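I opened this one to see how its parts are put together. My notes follow the picture.

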Amino acid sequence: MEKRAKVRRLRRAPKKWPCPKCGALARRFAFRSREAVDAELGRPAILRVKVGLYKARCGCQAVFESFHPELPKGWRFSRTVRDLVVRAVVRDKLSVEDVRQRLREDFLVELSEGCVHNWLAEAGEKNRLGS
Ligand SMILES: [Zn+2]
C-alpha cells in the first residue's frame, strides 16, 4: 500500500525582511506557502515552508519573498535531499547512477541525472570559495 507523504513544516516570515538588492528593510504584507520534495526513509516526504511577501519602499523591486535556508528560492528539492546526494557521491564515492537508485529505492525520490550534476557542481564551487 502507498504510504502517505510525511510533511515537514518550517516557517521563516519575520515582520521585516531586507531587500535582496540594497538591504533596506521592507514590511511583510502577506504569507505564502512553498513546497519541495523532501527526504524521509521509506516514504514520500514534502517540505512545506511558510514565507513572507514584502513590499519594498526602496524602489529596487516592488515585491519579494523571504526564504528558509532549507529551501532557497527556486529550489524544487529541500537542502536535505541535496546534502544526501552530495554526501553519497563525495563521501561514499557512489556513482551518479547509484545515487539516483539509492534515492529512488530508499527515499522514493526521483532525480534526473542533470539535477545531480548541477548539485555536485554547486557543492564543488562552494568548497573552492571556502564558504
Ligand atoms: Zn532595495
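I looked up the domains first: there is domain 1 (1–75) and domain 2 (77–131), with bounds from an automatic or database domain assignment. Their centres, taken over C-alpha atoms, are 22 Å apart. This is a predicted model, where local features need pLDDT of at least 70, side-chain atom pairs count only at pLDDT 80 or more, and totals for chains, interfaces and linings use all residues. Residues are numbered from 1 along each chain as its sequence is written.

Next I checked where the domains touch. Domain 1 puts in 13 residues and domain 2 ten, with contact meaning that C-beta atoms, placed from the backbone, lie within 7 Å. On the domain 1 side, β3 (25–40) and β4 (43–55) are the elements that give two or more residues; strands here are DSSP runs (E, at least two residues), numbered from the N terminus. β3 gives the most, five residues. I noted nine nonpolar, no polar and four charged residues on that side; nonpolar is Ala, Val, Leu, Ile, Met, Phe, Trp, Tyr, Cys and Pro, charged is Asp, Glu, Lys and Arg, and the others, Gly among them, are polar.

Then I followed β4 to its partners; strands pair if DSSP finds at least two bridges between them.

- β3 runs antiparallel to β4, joined by 13 bridges, and D38 sits opposite A45.
- The two form a hairpin with two residues between them, and G42 in the turn has a positive phi of about 75°.
- β1 (residues 6–12) pairs with β4 in the parallel sense over seven bridges; L10 faces V49 there.
- β5 (residues 63–65) is antiparallel to β4 over three bridges, with F64 the bridge partner of Y54.

Methods:
Contact = placed C-beta atoms within 7 Å. Helix = DSSP H or I, 4+ residues; strand = E, 2+ residues; numbered from the N terminus.
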